[in-house]
Amino acid sequence: MDDMLREIDQMMEGQEKYEKIAFYDEEQDGFAEFFVLERTKLNGVEYLLATQDLNQDADGYVFRVTAEHVEEDSEVSMELELVEDETELEAVGKIFAELLSDDLNIEV
């Protein structure tokens, strides 16, 4: 286990681990699983910072929540879009970098 995973385990000790989400990838025609590292809102829109791997060199992805549905069993499902617009990505990336500056090294 690398240093970052140890740090994450220590930070999360006694707390629930990162939430996992599944995102449908049209190009791969299947689902990809992600760990949600942080959530934030900007101008009333919710964004998720997620990664597929919890290691130091993992890539992060910013998703925009376009819709949220509560099922009968109280399970919440979300419709997500990958943020690709450079201006939007930079603005949201700066917020995530500030929120996680003590925990992770985020490059926008």
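1. On the face of α2 that is turned away from its buried side sit the exposed residues Glu86, Thr87, Lys94 and Glu98. The buried residues of this helix are Glu88, Val92, Gly93 and Phe96, and they lie on the same side of α2 because the arc they cover around the axis is only 120°. An α-helix has 3.6 residues a turn, so residues three or four places apart point the same way.

2. This is a predicted model, and the confidence values deserve attention before the details are read. The mean pLDDT of the chain is 80, with 78% of the residues reaching 70 or more. Confidence is lowest in helix α1 (residues 3-12), where the mean is 53, and highest in β3, where it is 94.

3. As for the overall layout, the chain holds two helices and five strands, and from the N terminus on these elements follow the order α-β-β-β-β-β-α. Of its 108 residues, 28% count as buried, and the chain exposes about 7900 Å², of which carbon and sulfur atoms supply 41%. Among the contacts in the chain with a separation of 6 or more, 29% are between residues 24 or more positions apart.

4. Helix α2 spans residues 86-99, and its 14 residues reach 20 Å from the first C-alpha to the last, close to the 20 Å expected at 1.5 Å a residue. The N-terminal end of α2 is capped by aspartate 85, which places a side-chain oxygen 3.3 Å from the backbone nitrogen of threonine 87. The buried residues of the helix pack against β2 (30-42), β3 (45-51) and β4.

5. The side chain of arginine 64 makes polar contacts with two glutamate side chains, that of glutamate 81 at 2.3 Å and that of glutamate 88 at 2.7 Å; glutamate 88 is itself one of the buried residues of α2. Not counting residues up to four places away in sequence, arginine 64 touches Val45, Glu46, Tyr47, Glu79, Leu80, Glu81, Val83 and Glu88.

6. Alanine 67 is also found in strand β4, but with a relative accessible area of 21% alanine 67 is partly exposed. Although alanine 67 and glutamate 79 are twelve residues apart in sequence, their C-alpha atoms are 5.0 Å apart in space. When residues up to four places away in sequence are left out, alanine 67 touches Ser77, Met78 and Glu79; Glu79 is also among the residues that arginine 64 touches.

7. A polar atom of the side chain of threonine 51 lies 2.8 Å from the backbone oxygen of aspartate 59. Leaving aside residues up to four places away in sequence, threonine 51 touches Phe34, Phe35, Leu37, Ala58 and Asp59.

How values were computed. Residues are numbered from 1 along each chain as its sequence is written. Side-chain values use heavy atoms; hydrogens and water are left out. A polar contact is a pair of N or O atoms within 3.5 Å; within protein, one must be able to donate a hydrogen and the other to accept it, and residues adjacent in sequence count only if both atoms are side-chain atoms. Contact means heavy atoms within 4.5 Å. Helices (H or I, at least four residues) and strands (E, at least two) are DSSP runs, numbered from the N terminus. The expected span of a helix is 1.5 Å times one less than its number of residues. Buried means under 20% relative accessible area, exposed over 50%, partly exposed in between (1.4 Å probe, protein chains only). The arc is that of the directions from the helix axis to the C-beta atoms. Accessible areas come from the Shrake-Rupley method with a 1.4 Å probe; for residues, only the protein chains shown count as cover. pLDDT is the predictor's confidence in each residue, from 0 to 100.
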